[in-house]
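Hello,

Here is the structure I promised to pass on. Please have a look at it, and then read my notes below.

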Amino acid sequence: MIADRKLHAAQQEVQSGLVDHLKRLWRYGYVLSRQRDVAEDLVQATCLRAIERAAQYTPGTRLDRWLFSILHSIWIDEVRSRRIRLGGGIVDADCALIVDGEYESETRLMANQVLKLVDGLPEAQRNAVFLAYVEGLSYKEIAEVLDIPIGTVMSRLANARARLADIIAAVKESPLRERRD
């Protein structure tokens, strides 16, 4: 009887919470696949698997983290089954950035520049950056989503920050920049 109530509670929480997380799941699917249609497929597969496996969810815990883990697992399975390499189907950052019209042009320009820089990071660093700085997950949560040690998360984020800092420094010191000023 208690097990039935827990199962019912898990199913209810998963079903009612899915809609709240669709946009975030799509963004993560897009970061992983770099293709809009693949991101949509990943979200659909994630929703289906979450509903089918709702009994595995612990009510009262972070549903978003559980859903990100499912999506990541589906992506890894997809990559393995197709034996593909990421990098194809890159969408220009100008197309990927969705702005609601209220942002000023400087904000849009800055966001485009950041997206282009992050897009140039290796996949592992790009995924960690997205989960940390866009989704706001803790290092521990990122480690659980990606199924890697927390030290690896810390290393990937540190390397990503260092790489971005080097790129920015190189741009600032560029001879082309000096001629434009």
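Helices here are DSSP runs of H or I with at least four residues, numbered from the N terminus. This is a predicted model, so local features need pLDDT of at least 70 and side-chain atom pairs count only at pLDDT 80 or more, while totals for chains, interfaces and linings use all residues. Residues are numbered from 1 along each chain as its sequence is written, and side-chain values use heavy atoms, leaving out hydrogens and water.

Let's start with helix α6, which spans residues 123–134 and contains Tyr 133. Tyr 133 counts as partly exposed because its relative accessibility is 49%; the class lies between buried (under 20% relative accessible area) and exposed (over 50%), with a 1.4 Å probe and protein chains only. Gln 125 is also part of helix α6, but this residue is buried, at 11%. Beyond residues up to four places away in sequence, Gln 125 touches Arg 156, Asn 159, Ala 160 and Arg 163, where contact means heavy atoms within 4.5 Å.

Then there is the largest nonpolar core, with 39 residues. Such a core is a set of buried Ala, Val, Leu, Ile, Met, Phe, Trp, Tyr and Cys residues joined through side-chain atoms within 4.5 Å. Val 14, Tyr 28, Trp 66 and Leu 131 touch the most other members. Among the helices that each supply at least two residues of this core are α1 (2–33), α3 (63–82) and α6, and α3 gives the largest share, eight residues. Setting aside neighbours within four places in sequence, the contacts of Val 14 include Ala 50, Leu 63 and Trp 66.

Best wishes
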